[in-house]
Structure formats: structure tokens, C-alpha cells
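Dear colleague,

I am passing on the structure we spoke about, together with some notes on what came out of going through it. Please look at it first, and then read on.

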Amino acid sequence: MYATQVKFLAHEGLLSASILEQIPRSNIHRWKNEAANKYKDFGFRVDGSNDYEIIKTLAHNKTDKRVFSAYVRLTTLALSIAQSLPEFHSTIKSNNGTIVDLCNRVKDVIGLKRIVRFFNISVPTFRNWGNAIPFAVF
């Protein structure tokens, strides 16, 4: 028994190779050939959203996928190098207002724990900075 979301993602060709390996090929084949409207209203509705179109394009375009992967690797390396610099922590601390503002704008998308980990600070530190800034919203 497979979740409807898995069937939908298989139908759209959005499952990763590692997941596809775990599902019998006959199931994948059947799901890909089912009517497009079968998964129309099952609660995992992504049709019509810009994000869905971006994900679908990315999943089907090897060049786009490679470019995105390259950006992720570059960002990870740059962050790793930046965090090893002696002035990284003092720069982060001196820009805490900007960081709190940015974190508040993107935390619903990325999650607060990931964001503060990115800046190598703790959640309590982030909250203390936010409390020191007038009109900061958590």
C-alpha cells in the first residue's frame, strides 16, 4: 500500500532515484499511465502553484538540476569558509539587527533552527537579539 502522495509524485515523475528503486517497476508504470485527473483533489494539492512548476521543471531538466546542485555546493563551501574566519562571529554579532530581520522574513520557509545554524548562533541568542530590537516580531 502506497500513500497517494507517492503515487502522485511518481505520476508526475518527481520521485528521486533512491525512492524509485524501492518501488516495483510495475507500480511506477501503472501510476505514470493513470489519468491525470486521478490525483486532482487528494489534499496534497500543488497544481497551479509556481513552486510546483519550478520543482517539476527542475526534476525534468538535468541542466537546471546540475546548476541548482552547483549553487548549493558553492553556498555550503562559502559558508564553511566564512564560519572558519576569525572575524565571522564578530561580524554576525555586529549585524544582529539585519540578521534578525532576515530570519523573521524567511523562517516560515526555511525554519528558525536551520537559519540560526546557518549563522552559527543559537535560538536563545537569536531571541535575545530580537528582544533588544524594537518592533522585532517572532
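A search of the whole structure, which is a predicted model, finds one salt bridge. It is formed by arginine 105 and aspartate 101, whose closest N and O atoms are 3.2 Å apart. The two residues lie four residues apart in helix H7 (residues 96-110), and they are therefore separated by about one helical turn. In an α-helix there are 3.6 residues a turn, so residues three or four places apart point the same way.

Of its 138 residues, 21% count as buried, and the protein exposes about 10200 Å², of which carbon and sulfur atoms supply 57%. Among the contacts with a separation of 6 or more, 54% are accounted for by residues 24 or more positions apart.

At the start of H5, a side-chain oxygen of asparagine 61 comes to within 2.9 Å of the backbone nitrogen of threonine 63. Valine 67 is also found in helix H5, and together with Tyr71 and Leu74 it makes a nonpolar surface patch of about 330 Å². With a relative accessibility of 41%, valine 67 counts as partly exposed.

A contrasting case is isoleucine 115, which has its place in helix H8 (residues 112-118) and counts as buried, because its relative accessibility is 6% and the cut-off for buried is under 20%. Leaving aside residues up to four places away in sequence, isoleucine 115 touches Cys103, Val106, Lys107 and Ile110. The C-alpha atoms of isoleucine 115 and leucine 102, which are 13 residues apart along the chain, are separated by 9.4 Å.

How values were computed: Residues numbered from 1 in each chain as written. Predicted model: local features only at pLDDT ≥ 70, side-chain atom pairs only at ≥ 80, totals over all residues. Heavy atoms only, no water. Polar contact = N/O pair within 3.5 Å; in protein donor to acceptor, adjacent residues only side chain to side chain. Patch = residues over 30% accessible without salt bridge, like charges linked within 9 Å, V, L, I, M, F, W, Y side chains within 5 Å. Areas by Shrake-Rupley, 256 points an atom, 1.4 Å probe, with all protein chains shown as cover. Salt bridge = Lys/Arg side-chain N within 4 Å of Asp/Glu carboxyl O. Buried < 20%, exposed > 50% of the residue type's maximum accessible area, 1.4 Å probe, protein only. Contact = heavy atoms within 4.5 Å.
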